[in-house]
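Subject: Structure handover

Hello,

Here is the structure you will be taking over. My notes follow below it.

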Amino acid sequence: MKKFILAVLVAAITNTAFAQSFSIGPKAGLNVSNYTGGNIDSEALVGYHLGGILNYGFGNVFSIQPEVLFSTQGAKVQNDGARSDFKISYITVPVMFKFKTNGGFYVEFGPQAGFRSSSDIPDQTINNFAKNLDLAAAGGIGYQSPIGLGVGVRYIAGLSKVGDFTGSNIDPDFKNSVIQASLFWAIPLVKK
């Protein structure tokens, strides 16, 4: 009888520890982006991001959240005596590792890959201003309610250089730097 009770207890603990949840939903928000490094003289540019998230939870604390977002980034760049908006649009794919408290607050971190979808560069002497692939690391904090509505702030630090040009007075060795403020709704499809 003791072995049976012990086996049931172990099974219950194991099942609780590896309980899984799955949610999906929309995400949108504001970007404040700039360039860092190189000799580029730039100021922050305001943009936006929107897309969707998948969240796969393991237990009550840890989850993995891949996202697909359309994100407008760039900076106001000083070039030839004038400051112009250098805008680049990316399809970004962050994969965040989230740790959530019982109160709904969370911290997250993970890698991000960005795929350039378009560029709006006013300096016509620069061809192919940005590379097609932008690699970054991200980290953030936020709050998610029991029904899945949430708000978060994330910092994305570029790891790969953005510039893909030569023959300009701007050194192409600069990286993206983005602060994102987001609203999302992770609609539970499978609950623990």
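Leaving aside its neighbours within four places in sequence, which residues is Glu67 in contact with? The model is a predicted one, and in it Glu67 touches Lys27, Gly52, Ile53, Thr92, Val93, Pro94, Met96 and Arg154. Glu67 belongs to strand β4, which covers residues 62-79. Its relative accessibility is 2%, so Glu67 counts as buried, the limit being under 20%.

The structure has one cavity of 30 Å³ or more, and about 70 Å³ of space lies in the largest cavity. Its lining consists of Lys27, Gln65, Glu67, Lys98, Tyr106, Glu108, Gly152, Val153, Arg154, Ser182 and Phe184. Strands β4, β6 (105-120), β8 (149-158) and β9 (175-185) each provide at least two of the lining residues. The largest share is that of β8, with three residues.

Two residues of the lining, Lys98 and Tyr106, also form a pair of another kind: the charged end of Lys98 sits over the ring of Tyr106, at 3.9 Å from the ring centre.

Next, the aromatic residues. Eleven aromatic pairs turn up in the whole structure. Ring pairs join Phe22, Tyr56, Phe58, Phe62, Phe97, Phe99 and Phe109 into a cluster.

At 25% relative accessibility, Ile64 counts as partly exposed. Beyond its neighbours within four places in sequence, Ile64 is in contact with Leu54, Asn55, Tyr56, Phe58, Val95, Met96 and Phe97. Ile64 and Phe99 are 35 residues apart along the chain, and 9.1 Å separates their C-alpha atoms.

The other residue is Gln20, in strand β1 (residues 20-36). Its relative accessibility of 40% makes Gln20 partly exposed. The side chain of Gln20 makes a polar contact of 2.6 Å with the side chain of Tyr56. From Gln20 to Asn60 there are 40 residues in sequence, while the C-alpha atoms of the two are 8.5 Å apart in space.

Regards

Technical notes. Residues numbered from 1 in each chain as written. Predicted model: local features only at pLDDT ≥ 70, side-chain atom pairs only at ≥ 80, totals over all residues. Heavy atoms only, no water. Helix = DSSP H or I, 4+ residues; strand = E, 2+ residues; numbered from the N terminus. Buried < 20%, exposed > 50% of the residue type's maximum accessible area, 1.4 Å probe, protein only. Contact = heavy atoms within 4.5 Å. Phe/Tyr/Trp six-rings, centres within 6.5 Å; stacked < 30°, edge-to-face > 60°. Lys NZ or Arg CZ within 6 Å of the ring centre and 35° of its normal. Polar contact = N/O pair within 3.5 Å; in protein donor to acceptor, adjacent residues only side chain to side chain. 1 Å grid on protein atoms, 1.4 Å probe; cavity = no way out; pocket = protein on both sides within 12 Å on 5 of 7 lines; lining within 4 Å. Points joined across faces, edges and corners; volume = space filled by probe spheres on them.
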